[in-house]
Amino acid sequence: MTDLSANSAPQTAPGRHIPDRLQGPGARLLASWELLLLLVAVAIFIANSLASPYFLNAWNLSDATFNFTEKAMIAFAMALLIIAGEIDLSVASIIALASTAMGAAAVAGFGMPALVLIGLVTGVLCGAFNGVLVTRLGLPSIVVTIGTMSLFRGISFIVLGDGAYRGYPADFSYFGQGYVVWVISFEFVLFALLAVAYHVLLHRSNFGRAVFAIGNNATAAQFSGIRVERVKFILFLLTGLMSGVAAICLTSRLGSTRPSIAAGMELEVVTMVVLGGVSILGGSGSIPGVVIAAFVMGLVTFGLGLLNVPGIVMSIFIGLMLIGVIALPRLWQMWRG
Amino acid sequence: MKLTRRLFGGAAMATALMAAGAAQAEDPMRIALVVKALGIGFFEAAAKGAEEAAQELGNVEVIYTGPTDTTAEGQIEVINALIAQQVDAIAISANDTDALVPALKKAMQRGITVISWDSGVAPEGRELHLNPSSNPLIGNMIIKLAADELPEGGKVAVLSATTTSTNQNTWIDEMNKVMDNYKGIEVVGTVYGDDLADKSYREATGLMQTYPDLDAIIAPTSVGIVAAARAVEDAGKVGQVNVTGLGLPSEMAGAIESGASKSFAIWNPIDLGYSATMLAYQLATDQAEAAPGAEIPMGRMGTLTLDENTEGAMADPFVYDASNIEDFKSIF
């Protein structure tokens, strides 16, 4: 625990290594987890290129990135939340509510900057609501967010019913349909920038170390001076904010809002996080892992889509991958022990 | 893949017979039939119709696909994969009128023919929309089904959904417009079962008590028609009161068997898939253009006439009776 209380000590202190991974027999495997996942991604890429003549095409690959960019943006924040031992299952419903708020504002005549602001603020407010219930009232996050999952989307349903909001301003379509240069979409650039930002936040900052400390032992973290509740509250705010960002991108891409928008996306986000090597029990994981997992999921769904494999087979494939990922470290431990 | 190859093989043979092998060496035209979700009987039947059309056209490969859940996002992923494969045409039953427009616009920009069928896409996202039927055709069909069983004329009553149901009210209006063509048929009353099974049952029973010499009940709602048939069975009036209207074969099989309903109507998904494929082929081969007023042939289903919104109605609702209910009750 001296390591943790030394959080504010300069990181360049000679010979001092501050661990940010779970220790134990599986540590070595987890350390090389990103490498293993990267090999899987490369294998899938090669398999796709061989299986379909349409795969290796810049525009097609660019289209394929839309399969995962929005989900990955939320997955970064979700990874931190899960590492800290909490979860947010309401993210897809936050998208629905943020999108509905933006739609209502667009109908009322607000311009693009206002819509973006409304989307982000709605996301943050939803995150704050979750955060207050979890940190102030001490309720389990899984229960709270299952509740708010119905609540947030329920509000969208009350507002919209079976109707839809259309008529977003033309410049709003850039977020989900615009390209920065050539085939590089705005969403992909945003995804890359956020990946770097979250990498720095989790692996290069005191805040990130606090997140790991809380996930490994919240009580110990509390006693070593980390303001556990405040860190958790900020993580809920971040998850809400990222849901707002994803809502802007998705709404812009669809050009309309219905209350069923992003239905079921929360499970795909959690899948991405866990596939990326983040322990569902908290305490370990990495952003590079989540980034690679995003590519793996995007490549698998797009590659199978090119072969016109029915969606249910894709779901089975991703389910098996997920079980494999969770089982592998355990099997490794058993084999070693 | 094997299955499509085999189908394609069959299609190629048909081509050889029809076109004397002229088009044999060319790549097949690929038409994607995109549905709301896979694993729904109605759409599986539509896929059957699409393959029938492919066989007839020759050198056409049908890609039957769709997401696992009925979401717009899922359909967009499917559309992106189809754009990447450079398919020739996409015929889609949409999960969302608006959300698919950007993705389908992109498909059209890349030279893919896009049409919607069954559940439509906003006009800017497709070239034409194929409705299974039209309000006048439905209005005429429901009274025709009742009148056909009453050559001497008779009294009929309508069991509708709610007083504010747009669809049902439109169909009943259309029915009233054509009543002059059915001499001797008198509509004695209209009641509302609110699309609730028990209320519809009570209203149907009430109709038979109020009009003891009632000959038929027309229920243009899938809930009402089943409830009315059960009310007739329970009242012991099978053979006296004929229940007809719009219903689903799977739910109405019992009523046809008992005789409470002689016949009823609803769209035929096989014809719908067949027509959608035919239309997609016509547009993709530039043999027809989707413009208001255009008449586009669709094989054995006749021609589709487009209105000012480039929408068209396929045909009369398809009639189901004892002769074909067995084939359709397992489909939808």
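In this predicted model, four bridges join strand S3 (residues 89-92) of chain B to strand S4 (residues 113-117) of chain B, and the two run parallel. Two strands are said to pair if DSSP finds at least two bridges between them. Helices (H or I, at least four residues) and strands (E, at least two) are DSSP runs, numbered from the N terminus. Within this pairing, B:Ala89 stands opposite B:Thr113 in S4(B). Between S3(B) and S4(B) the chain passes through helix H4 (residues 101-109) of chain B, in a right-handed β-α-β crossover. Right-handed means that, with the strands pointing away from the viewer, the path from the first strand over the helix to the second runs clockwise.

S3(B) also pairs with strand S1 (residues 29-34) of chain B, in the parallel sense and over four bridges. The table lists one facing residue pair for each partner of S3(B).

| Residue in S3(B) | Residue opposite |
|---|---|
| B:Ile92 | B:Val34 |

Both faces of S3(B) are covered: B:Ala89 and B:Ala91 are buried on one side, and B:Ile90 and B:Ile92 on the other. A residue is buried if 20 or more other C-beta atoms lie within 10 Å of its own, exposed if 12 or fewer, and partly exposed in between, with C-beta atoms placed from the backbone.

Chain B as a whole holds eleven helices and 14 strands. Of its 332 residues, 53% count as buried.

The largest nonpolar core has 204 residues, of which A:Ile95, B:Leu33, B:Ile90 and B:Ala91 touch the most other members. Such a core is a set of buried Ala, Val, Leu, Ile, Met, Phe, Trp, Tyr and Cys residues joined through C-beta atoms within 7 Å. Helix H15 (residues 287-306) of chain A gives the largest share of this core, 14 residues.

The contact takes 27 residues from chain A and 23 residues from chain B, where two residues are in contact if their C-beta atoms, placed from the backbone, lie within 7 Å. On the side of chain B that touches chain A, H3(B) gives the most, with nine residues.

Residues are numbered from 1 along each chain as its sequence is written, and chains are lettered from A and ligands numbered from 1 in the order in which they are written. Local features need pLDDT of at least 70 and side-chain atom pairs count only at pLDDT 80 or more, while totals for chains, interfaces and linings use all residues.
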